Amino acid sequence: MLNQIKKAILEGEIDSVQDLVKKALEEGTDALEVLNKACIPAVEKAGLLFEAGDYFLPELIAAGEATKTAMDILLPEVKGRKEKWKSVATFLIGTVEGDVHDIGKTIVASMLSASGFDVIDLGIDVSTEKFVETVREMKPEFVGLSALLTSTMPKQKTVIEALKTAGLREDVKVFVGGAPVTESWAKSIGADCYAQDAVAAVKIAKRLIG
Ligand code: B1M
């Protein structure tokens, strides 16, 4: 079943993806297993095929859309398992300006939410000003900046600098993540934390709030 889901995502077959994911859940497969063993590997494979010139943009878009269709079914299942502790922290998250990749960011947001955090998801292509304004208004404990393109990674630094200028930097812990982001990049731009994936993001955020 997981292989069939992978194949359907790679072929951008939204209807089949929907049917297969529902069927997998009905058969008792765990939502996170479907996500981690079928959806993520499939969309990553689409990226490799695109890089190799075997897929063109429409195929990459179709695989992305098919993945999101699967996530629409899977993530409510994950969120529904909300841990029973009162949230003591708000996590503001978004994909930086110029970047429309949101599959990974949305998984991180859902896992944080399932782990009891209050999550404010600003979506994609979020301007620096929007991040700063929202920090000022909502006073979150954490700000998460996702970037998937080497050309948009510098925006993570721009947001950190803008938070400093606005006198808000000391009030929040800044997380950075996304496929091209590394621990050393995070250090070099003055971020507080780097998380390689959603599980690490939850673990680090929980550790920081004790
Ligand atoms: Co794009 N894309 N894409 N793309 N795309 C990449 C990133 C690319 C590596 C593909 C490739 O060439 N191999 C390449 C970037 C190259 C580079 O910068 N060096 C690329 C390119 C070039 C582009 C365009 C420029 C293509 C074009 O137009 N010519 C264009 C840019 C658009 C823009 O943003 N302005 C573009 C567009 C798209 C689609 C819209 C078609 C689609 C996105 C759909 C969507 O998100 N709704 C898409 C896709 C699907 C991808 C790949 C194939 C898959 C990304 C993904 O969802 N991965 C990607 C290749 C790849 O990454 N392997 C690629 C699965 C996801 C679960 O992983 O997002 O890494 P990820 O998230 C992980 C961790 O990184 C981490 O946790 C997540 C879950 O474990 N994480 C965080 C993420 N954010 C975090 C934040 C945190 C902490 C952890 O704290 C805040």
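A quick word on conventions: residues are numbered from 1 along each chain as its sequence is written, and side-chain values use heavy atoms, without hydrogens or water. Because the model is predicted, local features need pLDDT of at least 70 and side-chain atom pairs pLDDT 80 or more, while totals for chains, interfaces and linings use all residues.

Which protein residue is the donor of the cobalt atom of the ligand? His101 is the only one, through NE2 at 2.2 Å; donors here are N, O and S atoms within 2.8 Å of the metal (3.2 Å for Na, K and Ca), and water is not among the atoms, so sites may look incomplete. His101 is found in the loop between strand E1 (90-95) and H5, these being DSSP runs, with at least four residues for helices (H or I) and at least two for strands (E).

Now the polar contacts, meaning N or O pairs within 3.5 Å. The side chain of Asp102 has an N or O atom 2.7 Å from a ligand nitrogen. Ligand oxygens lie 3.3 Å from a polar backbone atom of Ala179 and 3.4 Å from one of Ala198.

Finally, the whole shell: 33 residues surround the ligand, each with a heavy atom within 4 Å of it. Val100, Ser146 and Thr150 are among the closest. Helix H3 gives the most, with 6 residues. Thanks, friends!

Technical notes:
Polar contact = N/O pair within 3.5 Å; in protein donor to acceptor, adjacent residues only side chain to side chain.
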